[in-house]
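Here are a few friendly notes to read alongside the model.

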Amino acid sequence: MSRGHLVMEHAIDQIREGHSYRRDLGDLEELTESVRRFGLLSPIVITTGNVLISGNRRLAVLRSLGHRTVPVWIVPGVSDKLSMVVAIQDENTLHKMLAPLEQAELYAELKELYAEENARKQEATQFGATTPSESAHNFGPAPGDSGGGNGGVDSTPPQPARGEGQKTRVQAAKAVTGRDSHGMLDQVVELKQIAASEAEHPEVRQAAAEALLELNTDGKVNGRFLRVKLLQQIHTLRRWATHPDEPDGIRAAAASELALVEAQEHPKDALTEATRAIGRLTQLRADAAVAAGPAGWKDADPLLREKHAIRKLVDLLRREHGWWDRYDPTDFGTYADQEQWELVETYITEASRFVERARAAREKHEEGSDADG
């Protein structure tokens with residue numbers, strides 16, 4: 001199959017950039033000076049439909065210098081969708097790496113696209129010969145492009161391995177970073193999912209969001225990911241230990257497992273213990289559900305509804321307990337807008353009224369118990 005052809009003068013205004021995962025092209029001064037002095041050292045790469053595959057920064061420089069044409073290498077058979085998410089290539093020593101969050105976003109979509117492409121190739125192989133359009137992502141480096149560099153995301157769009165067993169996540173990782181970094185990229189993707197999930201405990205979501213901000217500055221992922229996962233599992237154990245829908249045996253087992261996890265000195269050991277605890281409790285919960293039968297354990301307690309409501313309330317308060325120590329009242333009084341102020345003031349007022357009524361009911365109940373005694 002032809003890998004494309006070179007066109008020395010292609011109109012710049014005809015090139016469509018499509019979707020780019022690069023949020024910031026970075027400092028183009030050094031690249032601009034190089035192009036001004038020596039010209040373009042390697043052509044940019046586009047599809048037959050004029051969609052840019054690689055060379056985003058070079059194209060920006062040429063436009064800034066007033067160039068109307070650019071040498072391009074045209075690659076046939078590349079689908080527009082895939083071409084819009086492949087990595088961007090710049091000169092070997094002048095490229096700018098994508099930030100970790102940008103890498104993870106690109107990796108997640110490439111993984112999906114490669115899975116679709118591979119499935120389509122496999123289906124085509126079963127029913128007939130593969131056509132160029134069915135081998136859309138099997139293109140090589142453009143003339144003048146170096147295969148070296150530090151393996152960053154701006155390296156030439158890779159040619160995936162042709163082995164049947166090549167996993168799409170490895171393909172996608174190599175496309176983004178030039179190496180099999182799928183483990184690290186999967187961790188970033190999961191951190192993004194945790195930070196965005198309404199089902200997660202607010203403290204876990206906040207920790208994931210902070211980890212994403214921090215790793216985007218220094219690229220260190222694994223340690224932060226482990227800490228967030230540990231916090232996530234600790235909160236899972238705490239929920240099982242206190243949740244009103246859990247049977248007493250499960251709550252007791254979860255509390256015991258949680259104590260073992262919190263007794264570990266090192267986060268890695270704690271995460272290992274927490275993972276084992278989650279596995280054991282998951283099986284215990286499944287066994288308890290089966291043993292309870294269709295009616296479940298709930299029907300055995302005549303005060304189930306009341307206990308359920310109380311445990312649910314206490315679980316809610318436990319999650320937010322101590323908020324008054326975590327926030328500065330001076331800052332709140334100074335900077336809160338009217339809606340925020342009224343929300344907190346109503347919370348305090350109504351909570352106080354709730355406690356007064358609850359205290360009266362408690363005293364009345366205690367008086368009745370004393371009279372019966």
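1. Buried means under 20% relative accessible area, exposed over 50%, and partly exposed in between (1.4 Å probe, protein chains only). By that scale, Arg353 counts as partly exposed because its relative accessibility is 42%, and Glu350 is partly exposed too, with a relative accessible area of 41%.

2. A word on the source: this is a predicted model, where local features need pLDDT of at least 70, side-chain atom pairs count only at pLDDT 80 or more, and totals for chains, interfaces and linings use all residues. Residues are numbered from 1 along each chain as its sequence is written, and side-chain values use heavy atoms, leaving out hydrogens and water.

3. Glu350 and Arg353 form a salt bridge, their closest N and O atoms being 2.7 Å apart; the term means a side-chain nitrogen of Lys or Arg within 4 Å of a carboxyl oxygen of Asp or Glu. The two are three residues apart in helix α14 (residues 338–372), so about one helical turn separates them. Helices here are DSSP runs (H or I, at least four residues), numbered from the N terminus.

4. What does Arg280 pair with? Its salt-bridge partner is Glu257, with the closest N and O atoms 2.8 Å apart. Arg280 lies in helix α10 (residues 267–292) and Glu257 in helix α9 (residues 248–262), so the pair ties together parts 23 residues apart in sequence. Glu257 is buried, at a relative accessible area of 12%, whereas Arg280 is partly exposed at 38%.

5. Across the whole structure, a search finds 13 salt bridges.
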